[in-house]
2 protein chains.
Amino acid sequence: MDVVDLTGIRRTVDACLEDFLRRKLSAAADHPQPSEAFDAPEALHRFLFAGGKRLRPLLCVVGWHAATSERIHPGVYQAAAALEMFHAFALVHDDVMDRSDTRRGQPTVHRELADRLGAGLDRGEAEHLGLSTAILVGDLALCWSDELLHTAHLPARRLLAVLPVVDVMRDEVMYGQYLDVVSAGKPTGDLATPLEVIRYKTAKYTVERPLHTGAVLAGADSAVLDACTDFAMPLGEAFQLRDDLLGVFGDPARTGKSRLDDLREGKHTVLLALAFRRAGPGQRETLDTLVGDPGLTEDDAARVREVLTATGARDTVEQMIRTRHEHARRALDDAPFRADAVSALRRISDSAEARTS
Amino acid sequence: MDVVDLTGIRRTVDACLEDFLRRKLSAAADHPQPSEAFDAPEALHRFLFAGGKRLRPLLCVVGWHAATSERIHPGVYQAAAALEMFHAFALVHDDVMDRSDTRRGQPTVHRELADRLGAGLDRGEAEHLGLSTAILVGDLALCWSDELLHTAHLPARRLLAVLPVVDVMRDEVMYGQYLDVVSAGKPTGDLATPLEVIRYKTAKYTVERPLHTGAVLAGADSAVLDACTDFAMPLGEAFQLRDDLLGVFGDPARTGKSRLDDLREGKHTVLLALAFRRAGPGQRETLDTLVGDPGLTEDDAARVREVLTATGARDTVEQMIRTRHEHARRALDDAPFRADAVSALRRISDSAEARTS
């Protein structure tokens, strides 16, 4: 029997999240205030269970199995759930910063809360209330990711060993996000910035540190941790490059996200940087005029897509993705991981390569 | 010699914060990106050292001394600094939610970042960039408060014992803030909500949990923890009631904050709830028209102040403050604390009672 059952891991992690939020809900109901006044646990529940690949929790649990053949400590699933809760924080705040309207095929948290809490207010006030409560829902998710980890009943020395991994992961993703935010709106041909952003905001955050979290909980040595990095960085970069393509060329019915947001926001992606570098004068004008325009229409987006295709930027990104998947596969061939974990990582990597959402 | 030297504690805590942020700055400088792209450590440094009473760190250190005559573990100062870093998070996000322009006599973080990063953008875009980066600076402060605590070199069992205290403190302050945000804009005569908000957002967060943090680090028993609560709750409530008075009647040159913000925002305070309850028809109309109006002028505020005084709401709040200080003093008389700590808590309580900022 395969010990690394990805579907089973997802189910166990989701049960941890359910259980935790149910406890938060009943704690809120104990307050004398009307419970609808504090609907943050419900808002997070709706958000977490509207979708999500649970990629970070999966990698965390696989990280454990990569490092040891010891029977898995049940607390590892809750530590994995903590990563998903942290991710909910990151997405809720991201959507505020990006002014996104939809995520996982639903209204984003700040939009939903503006509608639910803002009835009877004028539009600007309702939007500000949605923004304020979404910031708080995100803050709570961040604190609750800590609490999930602290209350996972992990052996003390293992919990203490993993705290610095979590601390560094947070610094990395926030650094990447900060760069992303300050470089948005005015994309250029500069490739260094978007490459740095995908390393910090995605590759380390989404793949490397979740693997490290599980591996450190298992007491991994530095050879295992280094091999995690060798596999994680190219896979994570490929993952984000695919995301950037899907953000412009994807099918919103599959991705659950608008394919206009990245262009409207002027997100400084590798895809756009390549197009800026290679654009002829007419193409350059199209990019300069349309990218970063908050009022960009579907027709405008079609013109930008033509430029991204005609300049070869799209093909180059596809090639970069292939190369990185190849590197990730090779890293796995050499990794000192347990065989079950290698097979699970191959499955995760293959499905990331084929994904359309 | 008095072991509880409040000025010395402030100095040591500030040195922890300085040292930590200096390390974050030099880590940022190691990135290949131009360091001005990631100015979150500087933004936090400016914010933290523009002022602040360091009340939570003081109470944390005094909490240790209340519980034990053991020589203080040096890590307690860093744990105390973690509370101040958490408070920076709370204030930065608060100011975004309240749309405040000034804090500690300086532009708030979102205003400052809008000006610094938004040069050349139109006003709406600059403001949104300020808001996004301020959210991130707050997020980082929250994560860094964790890191300060984790890296304080506390004995493992003491660190593990304090994590649940910190988790519950965070839940409490966020719950209070959530209620505060959803009840703003439409104050009424309801007293239960503002009383619940001050218990959670101020009394527990500002006084009780910081004392508990220090006391738990010292291995306090439940008698000591309960006595902390008995002292903390009335003092903390008095503190917030004073804050609400200063927010409307205070001298901005001393408080560093506008005295129009609370009225413009329509903050649902005990002061306003009392006035709503007691207002005659003409006074009621003044309150209904002016409180919650984002365009409220200094003249409008003067009219509201007249109503707050004429209805006796202001006097009642002053009386509530006196009663609570009296309760806090009596709680100290009975507390099983070390004498040095009692004397320090009396000093803190007296200066809170007399404060004008």
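Student: Is H153(B) buried or exposed?

Tutor: Burial is judged by counting neighbours: a residue is buried if 20 or more other C-beta atoms, placed from the backbone, lie within 10 Å of its own, exposed if 12 or fewer, and partly exposed in between. H153(B) has 10 C-beta neighbours inside 10 Å, so it counts as exposed. Keep in mind that this is a predicted model, where local features need pLDDT of at least 70, side-chain atom pairs count only at pLDDT 80 or more, and totals for chains, interfaces and linings use all residues. Residues are numbered from 1 along each chain as its sequence is written, and chains are lettered from A, with ligands numbered from 1, in the order in which they are written.

Student: Where is the place of H153(B)?

Tutor: Helices (H or I, at least four residues) and strands (E, at least two) are DSSP runs, numbered from the N terminus. H153(B) sits in the loop between α6 (123-150) and α7 (156-183) of chain B.

Student: What is the phi of H153(B)?

Tutor: Most residues other than glycine have a negative phi. H153(B), although not a glycine, has a positive phi of about 55°. R99(B) is another residue other than glycine with a positive value, near 50°. R99(B) belongs to the loop between α4 (75-98) and β1 (102-103) of chain B, and with 17 C-beta neighbours inside 10 Å it counts as partly exposed.

Student: How many helices and strands does chain A have?

Tutor: Chain A has 16 helices and two strands. Its radius of gyration, taken over C-alpha atoms, is 21 Å, close to the 21 Å that the globule rule gives for 357 residues, so chain A is as compact as a globular protein of that length. The globule rule is 2.2 Å times the number of residues to the power 0.38. Buried residues make up 53% of the 357 residues in chain A.

Student: How many residues of α6(A) are buried?

Tutor: In α6(A), 22 of the 28 residues are buried, so this helix is largely enclosed by the rest of the structure. A helix is expected to span 1.5 Å times one less than its number of residues. For α6(A) that should be 40 Å, and its end C-alpha atoms are 40 Å apart, which agrees.

Student: How are the two copies related?

Tutor: Two copies of a chain are related by a rotation about an axis and a shift along it. Here chain A can be laid on chain B with an RMSD of 0.0 Å by a turn of 180° and a shift of 0.0 Å along the axis. The two copies are thus related as by a two-fold rotation axis. The superposition is by least squares on the C-alpha atoms of residues with pLDDT of at least 70 in both.

Student: How many residues are in contact between chain A and chain B?

Tutor: Two residues are in contact if their C-beta atoms, placed from the backbone, lie within 7 Å. By that test, 39 residues of chain A are in contact with 39 residues of chain B. The largest share of the side of chain A that touches chain B, 14 residues, comes from α7(A). Also, 100% of the interface residues of chain A are interface residues in chain B too, so the copies meet through the same surface.

Student: What confidence does the predictor give?

Tutor: pLDDT is the predictor's confidence in each residue, from 0 to 100. Chain A has a mean pLDDT of 94, and 98% of its residues reach 70 or more. For the complex, the predictor gives an ipTM of 0.94 and a pTM of 0.95.
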